[in-house]
Amino acid sequence: MVNVLIIGAGGQIPAVLIPLLQQQADVKLTLFGRNAANLPYEKATKISGNAGNESDLVRAMQDQDIVYMNFDNKKITEKVIRAMHKAGVKRIIQAGVLSVYGEVAEPFAAWNSRMMGGSIAHNRGIEALEASDLDYTYMRMTWLYDDDRTDYVVSPKGEPFLGAQITRRAIAHYILDAVQEKRNDIKASIGLWEPGSENKAKPDFY
């Protein structure tokens, strides 16, 4: 049995991910968020708390094997890392953003930089994760949309970021593959995009 904690369980990716994980007989879910008790999921432990409160995090992390953090904030990531050390948890998967290294390739780079307000994204969780001793996977996700597509491309750190879009369902399937160890992206910052969205000037939905 794999115990998975989702921090920020009320988000859009968890809305796809939680039912997917609940279909797995060997996964036990704990959902953490400000109003976790109100989440519409059965057969999951729900813990309401503040991700900015280290003691709340430590309480939620007891007996967990994997933490999935559904948002990207450096200060809160630092608190999550400290809480993981206190709780004895080593594995974290974090939803992050593209352009943390200025790695986005043209022609998409110009549009992305204009929309994000710069070619490099600062104060992101990857800065804390790369300085930690955790078994982390930081997902540099391109622009998200809702669809039934589940395919994804994984791009390692140091390679140009080419893809302009990906579905939330594809991200959820990547996380499932990581939980089931079908992917082994440990101590890794990876780009994620949809096959066929390479070399677009912007996402199709803009």
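Is Phe 108 buried or exposed? Here are some notes that start from that residue.

1. Phe 108 is buried, with a relative accessible area of 1% (buried means under 20%, exposed over 50% and partly exposed in between, with a 1.4 Å probe and protein chains only). Please keep in mind that this is a predicted model, where local features need pLDDT of at least 70 and side-chain atom pairs count only at pLDDT 80 or more, while totals for chains, interfaces and linings use all residues. Residues are numbered from 1 along each chain as its sequence is written, and side-chain values use heavy atoms, with hydrogens and water left out.

2. Phe 108 sits in helix H4 (residues 108-116); helices (H or I, at least four residues) and strands (E, at least two) are DSSP runs, numbered from the N terminus. Leaving aside neighbours within four places in sequence, Phe 108 is in contact with residues including Leu 98, Trp 143, Ala 164 and Pro 203 (contact means heavy atoms within 4.5 Å). His 173 is 65 residues from Phe 108 along the chain, and their C-alpha atoms are separated by 25 Å.

3. The axes of H1 (residues 12-22) and H6 (residues 168-179) come within 9 Å and cross at roughly 50 degrees; axes are lines fitted to C-alpha atoms, for helices over the stretch in contact, and angles run from 0 to 180 degrees between N-to-C directions. That makes H1 oblique to H6 (under 35 degrees counts as roughly parallel, over 145 as roughly antiparallel, 65 to 115 as roughly perpendicular and the rest as oblique).

4. On the H1 side, the contact is made by Gln 12, Ile 13, Val 16, Leu 17, Leu 20 and Leu 21, while H6 brings residues including Arg 168, Ile 171, His 173 and Ile 175. In H1, Ile 13, Pro 14, Val 16, Leu 17, Ile 18, Leu 20 and Leu 21 are buried. The buried residues of H1 pack against E1, E2, E4, E6, strand E7 (143-145) and H6.

5. The largest nonpolar core has 35 residues, and Ile 6, Leu 29, Leu 31, Tyr 68, Met 139 and Ile 175 have the most contacts inside it. A nonpolar core is a set of buried Ala, Val, Leu, Ile, Met, Phe, Trp, Tyr and Cys residues joined through side-chain atoms within 4.5 Å. H6 gives this core its largest share, 8 residues. A second, separate core of 27 residues includes Ile 7, Val 58, Val 97 and Ile 126.
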